[in-house]
Amino acid sequence: MLALVALVQADRAFPPPLDEPPISAEVVGRNGELLRAYAAPDGRWRMAVELRDIDPHFLDMLIAYEDKRFRDHRGIDVFAMARAVGQLATNGRIVSGGSTISMQLARLVEPRERRSVPAKLRQMFRAWQIEQRLSKDEILRRYLTLAPYGGNIEGLRAASLAWFGKEPRRLTVGEAALLVALPQSPEARRPDRHPENAQLARDRVLARMSNAGLMDSAEAARAAAANIVPTGRYELPALAAHAADAARLADPAAQRIELTVDGKVQRRLEAVAAEAATRIGDKVSVAMVMADARTGAIIAEVGAADYFDAGRNGWVDLTRAVRSPGSTLKPFIYGLAFEEGLVAQQTLIEDRPADFAGYRPRNFDMAYMGDVSVRDALQLSLNVPAIRLLDALGPTRLAGRFRDAGVTPELPRGEKPGLAMGLGGVGVTLRDLVQLYTALPNSGFATPLHIKPAQPQPVRLLDPAANWQVADILSGVVPPRGAPEIGIAYKTGTSYGYRDAWSIGFDGRHVLGVWIGRPDGGPVPGISGFETAAPVLFNAFSRSGVAFAEHASPPPGAVRLPRGDLPVTLRRFRAIDDDAVTPGIVEASPRIVFPPDGARVELAAQGAAPLILKLQGGRAPFRWLANGRPLKDTVRRRTASWHPDGAGASTLTVIDAVGRAATVNVFIE
């Protein structure tokens, strides 16, 4: 009794050091897969592990080999200790140890300076203390977190990743046997330095498992015959390295950080980026962002072709670098023009040299095509037609739409948005572009991108009908030569001086953006969006493993009419200040005064009578469009009548004789 009281008092006076050890911080993907790990503060790879994530056969093998009565004793296996003492007396040397897993954990949490009888007794006392405080599963978990596996590797999970490149739930029998054997003599049995010792130790474990009846002799022989002893360490995962670094910097105390990244997609896109950079040339890098257009979740983000390549400044996250977007903003110019009723897909527009108050845009190939359709102008990425439309719309309006969608293009200090922004005269990031392009497969709603779990609110960038017109045009752009036929819509861009090559593509759900250039902003002669970036886009999209989503069907009011069926005012685009058409104009631009923009109109209140439309200003005759469809006739009066097809949102547009337009959105109840 006195001995028991003394033991309890000693337990209270000298509790065991059971603080959780510092472990490696982890960044994981959307499915819980490890993207990147960071060494623990003491420089060791020591990763958190849970028993449910370990192959049960490994646990059975460990207990059978190390401590077969683990579930029954209270820290000290009396029978094992007696056997060990007897063998020592008989052989004059240690033949087998009597340490339990609890005693080994005691040694790990409180390392001894040398082997001695007092040290062993202290270890036994600590094992008893540990058993009073922790469950058997918790003892196992802590042991498998701290057990040494050679070098700076501690714990089963770090060992499984370092020696076999896999999580411990996927170990084979032979691999599990080696990891059972390593902690007993981690340096003498290190597979990369002493493969023969490692193999012998593994085979002893297999033999004991066979003798204990945990596996048949044939299975043990097959596992022993397999050449699974690794000759070197695997690098621990470093997927989405830039995103992982940024997330950890934002929350340095977190042990586990979750990202929206899909590890499989990330690995594939990183491979595509590395291959492309090697093929294109030295000092060139490749960045990519793939996102879910509906949720804004980033599925994969490649900040550089190779994070560890100093020659390519791999540590620079080029998805966040501000660069000239080239022609990649043009689709949104056309989208606003469709929304305003200025043009239709088959409207003719001039591609000829033009002077816009001193700004003289030229096409990429320095050639001009004369009259072209709006559809062809966008698909061919002609510069002059895009600037004609931007001049009519106003660059400030385009920049305002971008800001509403959460993207603010960077301008030189003190500058206001100008026509040059249509050809890349602003600064944006790859993330910015992908965020804007989420509107195209998402009915005109741009969704803020996020790489940590969130639920952002989409923002309307374009009217659904106008948005569909743009997406429909881009879906008809010819793929680059030799590219896989995967049905994506896309746009390319090349910045001035061949510094940036862009390609942004989308299906009905996903957007993928590709940037190619030098991290230092230097020119790369010969690169272009179509010749350089577009093939990488198609290759990445096809190899991503993401299931293709069909493009959206046209919404109500979205039609693609042949030129002959267009109203006269939509057959050719002419700017308001076109001298050939507008001399002597003194009227104000047309403005719809009823129904006002945003009005809710009750059909019941109207009865069988049509809805009366009223406008002010403009030059007669006028052409009205309801949801993109022209009403029957042009009218000279500033009133018209319309019979709505039914309840819901509608868009009304009026176009005057010189092509000026006004639009309102109403809701019919």
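Phe445 touches Thr438, Ala439, Pro458, Val459, Arg460 and Leu461, leaving aside residues up to four places away in sequence; touching, or contact, means heavy atoms within 4.5 Å. This is a predicted model, so local features need pLDDT of at least 70 and side-chain atom pairs count only at pLDDT 80 or more, while totals for chains, interfaces and linings use all residues. Residues are numbered from 1 along each chain as its sequence is written, and side-chain values use heavy atoms, with hydrogens and water left out.

Let's stay with Phe445 for a moment. You'll find Phe445 in strand E10 (residues 445–446). Helices (H or I, at least four residues) and strands (E, at least two) are DSSP runs, numbered from the N terminus. With a relative accessible area of 34%, Phe445 is partly exposed; buried means under 20%, exposed over 50%, and partly exposed is in between (1.4 Å probe, protein chains only). Gln457 sits 12 residues apart from Phe445 along the chain, and their C-alpha atoms are separated by 9.4 Å.

Now zoom out. The protein has 20 helices and 22 strands. Its radius of gyration is 35 Å, well over the 26 Å that the globule rule gives for 669 residues, so the protein is more spread out than a compact globule. That radius is taken over C-alpha atoms, and the rule is 2.2 Å times the number of residues to the power 0.38. Of the 669 residues, 52% count as buried.

What about the inside? Nonpolar side chains tend to be buried together in soluble globular proteins. A nonpolar core here is a set of buried Ala, Val, Leu, Ile, Met, Phe, Trp, Tyr and Cys residues joined through side-chain atoms within 4.5 Å. The largest one has 115 residues, and Leu259, Leu269, Met288, Met290 and Leu461 touch the most other members. Helix H19 (residues 529–543) gives the most to this core, with seven residues. Another core, of 53 residues, lies apart from it, and includes Ala106, Ala147, Leu178 and Leu182.

Finally, look for an open sheet of three strands, in the order E15-E17-E20, with antiparallel pairing. Two strands pair if DSSP finds at least two bridges between them. Strands E15 (591–594) and E20 (639–642) stand at the edges, each with a single partner strand, so one side of each is left without a neighbour in the sheet. Three bridges join E15 to E17 (residues 611–616), and Arg591 has Gln616 in E17 as its bridge partner.
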